[in-house]
Amino acid sequence: MNIQEIIGQKRDGKELSKEEISYFVSKYTDGTITDYQAAALIMSMYINGMNEVETTNLTLEMASSGDILDLSEISNNVIDKHSTGGVGDKITLILLPTIASLGIPVAKMSGRGLGFTGGTVDKLESIPGYRTQIDIMEFINNVKKIGISIIGQTTNLAPADKKMYALRDTINCVESIPLIVSSIMSKKIASGANKIVLDVTVGSGAFMKNKEDAIKLSKMMKKIGEITKRETTCVLTNMNEPVGYAIGNTLEVIEAVECLKGNVSKDIKEIITTIGSYIIKLSGKNDNLEENKKMILDNIENGKAYNKFLELIQNQGGDTEYIKNLDKFEKAKYIMPVVSEKDGFIEEINAEKIGKVSVMLGAGRIKKEDDIDKTVGIILNKKISDKVQKGEVLAYVHANDEQKGKEAVEKIKEIYKISEMKIEKEKIILGVI
Ligand code: URA
């Protein structure tokens with residue numbers, strides 16, 4: 001078997017066998033297959049698609065490219081949650097400490113920013129000292145000790161995904177159902193939790209632009225969950241505008257901490273209570289979804305969720321003084337308002353375009369080895385359906401480069417669509433599978 005033949009098969013739209021997929025995954029992981037060969041194959045997978053059998057084989061091979069953890073000694077119900085990607089998506093930072101504060105063990109391996117979307121690992125790393133790259137023993141011990149650990153991809157867990165994920169980002173091959181399924185589910189299988197809730201985002205700021213594709217993606221991930229005995233629930237959430245108000249790494253951590261202190265925006269509240277209610281149900285703690293939503297809000301209100309977040313940060317080496325005093329976080333040099341030029345109601349804030357502006361400011365990567373700027377980003381001041389008057393601020397750009405900041409202001413002015421008529425807010429939760 002050789003990689004040229006495998007690339008040729010997929011380039012010509014043929015099905016890949018289990019052996020061919022296994023060869024590719026193992027030889028790319030160990031470095032025998034080069035990035036340019038992998039890029040050619042991944043591009044062919046993206047263009048010609050993969051059927052269910054191929055997608056399942058790819059996922060299982062990627063999962064077993066490293067260790068597969070068994071967390072059953074901790075509990076029969078260890079929880080993991082993953083989002084298929086979004087803009088301003090800080091749900092993990094708010095929800096998972098809240099879940100852990102209810103006594104439900106959480107073991108979560110997160111990713112970095114991908115394309116125009118942000119990643120939890122980049123956000124956590126904006127907290128000075130927080131270690132996302134810890135070894136597997138420490139990961140397991142953290143879950144045992146404090147009931148939660150959130151880490152980045154280690155070399156030992158789904159290493160094939162770590163390489164493929166970074167490569168896909170730089171060759172514009174992210175928005176593909178089989179590639180997203182295999183990327184997410186390989187990580188989830190490897191990191192050992194046996195109950196998984198997936199936030200499947202839909203809309204302009206998501207990789208799935210419509211509900212039909214989101215349903216297809218969800219069904220495929222659920223099926224792989226079944227095959228691997230990981231009970232999986234998918235919650236479809238609206239990503240037609242950014243989640244909450246902040247976009248950018250430090251800015252999102254600050255918003256997440258504010259939420260944990262009880263200052264939660266309406267959209268974030270609906271997402272965390274809905275996804276959280278299914279997590280609590282899957283954990284076996286309580287089947288009643290309405291009661292579960294109340295448990296989430298109660299633990300935010302009584303400070304238990306915030307305290308668990310502090311414990312998580314401290315336990316992984318982060319400086320909790322930054323969390324206790326948010327003013328300590330380094331700020332971008334320029335904070336520039338985007339001012340509305342007319343009266344009306346906000347009709348559209350295309351989340352993908354906002355995500356691209358934040359990448360341009362430095363919050364995301366263009367090349368896989370790029371450093372990111374933790375301080376830059378955007379704070380929305382108006383969301384869809386809000387009333388706005390000429391001269392009011394729509395958003396603030398946080399930039400370290402004045403020219404880029406000015407460019408961002410002009411772009412955001414165009415991204416905000418303002419209507420003369422009142423606009424109804426779209427539904428946030430679009431379905432559960
Ligand atoms: N999140 C992942 O982990 N992988 C993808 O491919 C997309 C979102």
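I began with the contacts of lysine 108 (contact meaning heavy atoms within 4.5 Å). Leaving out residues up to four places away in sequence, lysine 108 touches Asp80, Lys81, His82, Thr92, Leu96, Phe139, Ser149, Ile150, Ile151 and Lys188. I note that this is a predicted model, in which local features need pLDDT of at least 70 and side-chain atom pairs count only at pLDDT 80 or more, while totals for chains, interfaces and linings use all residues. Residues are numbered from 1 along each chain as its sequence is written, and side-chain values use heavy atoms, with hydrogens and water left out.

I placed lysine 108 in strand β2 (residues 106-109). Helices (H or I, at least four residues) and strands (E, at least two) are DSSP runs, numbered from the N terminus. Buried means under 20% relative accessible area, exposed over 50%, and partly exposed in between, with a 1.4 Å probe and protein chains only. The side chain of lysine 108 makes a polar contact of 3.3 Å with that of serine 110. A polar contact is a pair of N or O atoms within 3.5 Å; within protein, one must be able to donate a hydrogen and the other to accept it, and residues adjacent in sequence count only if both atoms are side-chain atoms. From lysine 108 to tyrosine 165 I read 17 Å, C-alpha to C-alpha, across 57 residues of sequence.

**Ligand**

Tyrosine 165 came up again in the ligand list. I find His82, Ser83, Thr84, Leu114, Tyr165, Arg168, Ile180, Ser183, Ile184 and Lys187 around the ligand, a residue being listed if one of its heavy atoms lies within 4 Å. Arginine 168 comes to 2.8 Å from a ligand oxygen, serine 183 to 2.7 Å from a ligand nitrogen, and lysine 187 to 2.6 Å from a ligand oxygen. Taken alone the ligand exposes 240 Å², of which the protein buries 97%. Accessible areas come from the Shrake-Rupley method with a 1.4 Å probe, and for residues only the protein chains shown count as cover.

I also checked serine 186, which is in helix α9. Its relative accessible area is 0%, so serine 186 is buried. Apart from neighbours within four places in sequence, serine 186 contacts Thr59, Met62, Ala63, Ala158, Asp161 and Val181.

**Salt bridges**

I searched the whole structure and got 28 salt bridges. A salt bridge is a side-chain nitrogen of Lys or Arg within 4 Å of a carboxyl oxygen of Asp or Glu.

Aspartate 80 pairs with lysine 188, the closest N and O atoms being 3.0 Å apart. Aspartate 80 is in strand β1 (residues 79-83) and lysine 188 in helix α9 (residues 177-190), so the pair ties together parts that are 108 residues apart in sequence. Aspartate 80 and lysine 188 are both buried.

Lysine 293 and glutamate 290 form a salt bridge at 3.7 Å, N to O. Both residues lie in helix α13 (residues 289-301), three residues apart, or about one turn of the helix. Lysine 293 is partly exposed at 23%, and glutamate 290 is exposed at 55%.

Lysine 382 and glutamate 392 form a further salt bridge, with closest N and O atoms 3.1 Å apart. Lysine 382 sits in the loop between β9 (377-380) and β10 (387-388), and glutamate 392 in the loop between β10 and β11 (393-399). Lysine 382 is buried at 11%, whereas glutamate 392 is partly exposed at 29%. I also logged one network, in which salt bridges that share partners join Arg112, Asp122, Glu125 and Arg365.

**Helix α16**

I looked up the burial of helix α16 (residues 351-361). Nine of its 11 residues are buried, so the helix is largely enclosed by the rest of the structure. Among the buried residues are Ile354, Val357 and Leu361. Their cover includes β6 (246-247), β8 (344-349), β9, β11 and α17 (402-415). At the start of α16, a side-chain oxygen of asparagine 350 comes within 3.0 Å of the backbone nitrogen of glutamate 352. Just after α16, glycine 362 has a positive phi of about 115 degrees.
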